[in-house]
Amino acid sequence: MEEALGAVIADRVREFRLRHGWTVGTLAEACGLSKGMLYKIENAQTSPSLATLARLSEALSVPVTAFFRGLSEEQDVILVKAGAGLDIQHRRSGQGHRYQTLGTMRAPHDSLEPMLVTLTTRDADAFPLYQHAGTELIFMIAGKMEYCCGSARYLLEPGDALQFTGEVTHGPGELITLPIQFLAVKSVTPSS
């Protein structure tokens, strides 16, 4: 395991250095390490301390965890336990509207934005209509509502799914049976 870790760190340091177009000397100057130490790190001849990784992280503008990408034990999996989604605030969303992000993969696999939406009150104000690049899937879990998509309205009940292009204005319309809960999954262009 220690050998594999050293090899992965060596590969990542070299990869990030070359991505910047830097020589070993340029990186050494940027992070305050000797060229000899960097040579040993990039050739897996020494294991850098956490403090050294932190200095490299800052100089290369990458998170410390980036140096561990590629370990065979690493899994690209996100588990969000029930109720543990991160609450986010949508502009003009009122009380009784809960939006929970269900995690985002790291680049380059960050093409999905899953969100659990829970609506518990009827707001006097209309819901804002949204537009975004990509596509979206709505899957109804509980309640009953009309969902606006362009000029059309769709009645959604538990188990129903609606998929549409994000460029079309869309959002909840009439909230018929509360509480309403649905999963919204947007596909977006991943960051590079």
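Tutor: Start with a cut-off: angles of 65 to 115 degrees count as roughly perpendicular. Keep in mind that this is a predicted model.

Student: Why are helix 2 and helix 3 called roughly perpendicular to each other?
Tutor: The axes of helix 2 (residues 24-31) and helix 3 (residues 35-42) cross at roughly 110°. The range is 65 to 115 degrees. Therefore the pair counts as roughly perpendicular. The axes come within 9 Å, and the crossing is right-handed.

Student: What makes the contact between helix 2 and helix 3?
Tutor: Contact means heavy atoms within 4.5 Å. Helix 2 gives Val-24, Gly-25, Leu-27, Ala-28 and Cys-31. Helix 3 gives Lys-35, Leu-38 and Glu-42. By class, that is five nonpolar, one polar and two charged residues.

Student: Why does strand 4 count as paired with strand 6?
Tutor: Pairing needs at least two bridges. Strand 4 (residues 135-149) and strand 6 (residues 161-165) have five, in the antiparallel sense. Leu-137 stands opposite Gln-163 in strand 6.

Student: How do you know that strand 4 pairs with strand 7?
Tutor: Set the count against the cut-off of at least two bridges. Twelve bridges join strand 4 to strand 7 (residues 170-187), and the two run antiparallel. Here Thr-135 faces Ser-187 in strand 7.

Student: What makes strand 5 a partner of strand 4?
Tutor: Five bridges, again in the antiparallel sense, link strand 4 to strand 5 (residues 152-156). Glu-146 is opposite Leu-155 in strand 5. The two strands form a hairpin with two residues between them. Gly-150, in the turn, has a positive phi of about 65°.

Methods:
Residues are numbered from 1 along each chain as its sequence is written. This is a predicted model: local features need pLDDT of at least 70, side-chain atom pairs count only at pLDDT 80 or more; totals for chains, interfaces and linings use all residues. Side-chain values use heavy atoms; hydrogens and water are left out. Axes are lines fitted to C-alpha atoms, for helices over the stretch in contact, and angles run from 0 to 180 degrees between N-to-C directions. Helices (H or I, at least four residues) and strands (E, at least two) are DSSP runs, numbered from the N terminus. Angles under 35 degrees count as roughly parallel, over 145 as roughly antiparallel, 65 to 115 as roughly perpendicular and the rest as oblique. A crossing is left-handed if the near helix is turned anticlockwise from the far one by less than a right angle, and right-handed if clockwise. Ala, Val, Leu, Ile, Met, Phe, Trp, Tyr, Cys and Pro count as nonpolar, Asp, Glu, Lys and Arg as charged, and the others, Gly among them, as polar.
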